[in-house]
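Visitor: I've got a few minutes and a new model to look over. Can you walk me through the packing?

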Amino acid sequence: MSPYSCARDEFEGEASVYLDANENPYNAPYNRYPDPLQKALKEKIAALKGLRAEQIFLGNGSDESIDLAFRAFCEPRIDNVLAIAPTYGMYKVCADINDVAYREHSLDADFQFKAEDLLARCDEHTKLIFLCSPNNPTGNSLHSAEMLKVIENFQGLVMLDEAYIDFSSQDSFCSLLDKYPNLVIFQTFSKAWASAGLRLGMAFASPEIIAVYNKVKYPYNVNLQTQQLMLAHLQEPQRIQAWVEELIQQRSFLQQALAALSIVQHIYPSDANFLLVKVDDADALYQYLVAQGIIVRNRNRVRLCEGCLRITVGTADENAALMAAMQQFINL
Ligand SMILES: *Cc1c(COP(=O)(O)O)cnc(C)c1O
């Protein structure tokens, strides 16, 4: 397959008169098509992550990178993919949309897995394995040694979702990309970078895999405003670092405050910007919090998360409001 060849692919330099793309000459800068390969952004991200621009794909959130993996690497109704469970819901949604069978390997009580057991679930049609570390909704990092065993022994691609890596005590696997050509890493601007509304996700992989992604994607998948705003945002990594440090501290305050409540049975260790909390009556507490205008995520119906709420770490004021409402619920 060859990708759609757009006017901006054919001519790349700077010019004073652009009459090649049937754009309207008015309403600058929005009249112009954006860079289809987001070169300026990729240079900045490459420098920040210690990667080369050719190892980077940018999409409309990580969700685009997840969906394109099915379209690019799986044959509908023939191939299958494997994922840990519980995990992020989009992998299964994309598998279903693309008519690719989705196999789940249940994590153990500590939300960990053994590479051997995971790999035993694969057959010759298993094209992708999805790992998520730190995992959502459990919050923990998966053991590096087991993830490495999967990457080293699986014949297909390992899709490692690092959406929460900035909040983690563990290192990113980015430095291993040159060593493992079957590794694809997803990161996002939606969490630590506080830009969920702009929709920008990153996939890091070998140049060969990135070239396949570029063939399958929409030509202008990242709009002009997102590219410009993120380019500016990337000039201030200290600001992001300060937010991350504050949220990690708030996570620890929130953890201590929750642990003191009678209705809290267990708080799972978190390497992310949320806590998975097991409580006495998750549905009743969830409904009470909604009535107080406080929305958390009810995970009571997710296997292995029975009785749990997933609580995002907010500002000090937001966390205090949550704690006050929970205390009121106890006093009812
Ligand atoms: C939030 C989240 C994402 C981010 O998705 P975007 O489409 O980039 O907003 C990706 N993976 C996981 C596991 C998440 O929890």
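Guide: We can go through the cores, a sheet and some aromatic pairs. Keep in mind that this is a predicted model.

Visitor: Start with the core. Which residues of the largest nonpolar core touch the most other members?

Guide: Those are Ile45, Phe113, Leu131 and Phe204. That core has 48 residues.

Visitor: Where does the core lie relative to the domains?

Guide: Between domain 1 (7-235) and domain 2 (238-331), because both give residues to it.

Visitor: Take Phe204. What is it in contact with, leaving aside neighbours within four places in sequence?

Guide: The list includes Ile45, Leu51, Ile56, Leu177 and Val184. Lys49, Gln55 and Gln187 are also among the contacts of Phe204.

Visitor: Switching to strands. What is the order in the open sheet?

Guide: S8-S9-S11-S10, with antiparallel pairing. The edge strands are S8 (264-267) and S10 (297-298), each pairing on one side only.

Visitor: How many bridges join S9 to S11?

Guide: There are 5, between residues 274-279 of S9 and residues 308-312 of S11. Lys278 stands opposite Cys308 there.

Visitor: Which helices pack on that sheet?

Guide: Helix H9 (residues 237-259) touches S8, S9 and S11. The direction of H9 makes about 5 degrees with that of S9. Helix H10 (residues 282-291) packs on the sheet too, touching S9, S10 and S11. The direction of H10 makes about 35 degrees with that of S11.

Visitor: Now rings. How many aromatic pairs does the structure hold?

Guide: It holds 10. One of them is Phe57 with Tyr213, a tilted pair at 4.9 Å centre to centre and 35 degrees between the planes.

Visitor: Where do those two sit in the chain?

Guide: Phe57 is in strand S1 (residues 56-59) and Tyr213 in helix H7 (residues 207-216). They are 156 residues apart. Both Phe57 and Tyr213 are buried.

Visitor: Why does Tyr288 count as buried?

Guide: Its relative accessibility is 16%, and the cut-off is under 20%. Phe329 also counts as buried, because it comes in at 18%.

Visitor: Last one. Which residues form one aromatic cluster?

Guide: Phe70, Tyr88, Tyr91 and Phe130.

Notes:
Residues are numbered from 1 along each chain as its sequence is written. This is a predicted model: local features need pLDDT of at least 70, side-chain atom pairs count only at pLDDT 80 or more; totals for chains, interfaces and linings use all residues. Side-chain values use heavy atoms; hydrogens and water are left out. A nonpolar core is a set of buried Ala, Val, Leu, Ile, Met, Phe, Trp, Tyr and Cys residues joined through side-chain atoms within 4.5 Å. Buried means under 20% relative accessible area, exposed over 50%, partly exposed in between (1.4 Å probe, protein chains only). Domain bounds come from an automatic or database domain assignment. Contact means heavy atoms within 4.5 Å. Two strands pair if DSSP finds at least two bridges between them. Helices (H or I, at least four residues) and strands (E, at least two) are DSSP runs, numbered from the N terminus. Axes are lines fitted to C-alpha atoms, for helices over the stretch in contact, and angles run from 0 to 180 degrees between N-to-C directions. Rings of Phe, Tyr and Trp (its six-membered ring) pair if their centres lie within 6.5 Å; planes under 30 degrees apart count as stacked, over 60 as edge-to-face and the rest as tilted.
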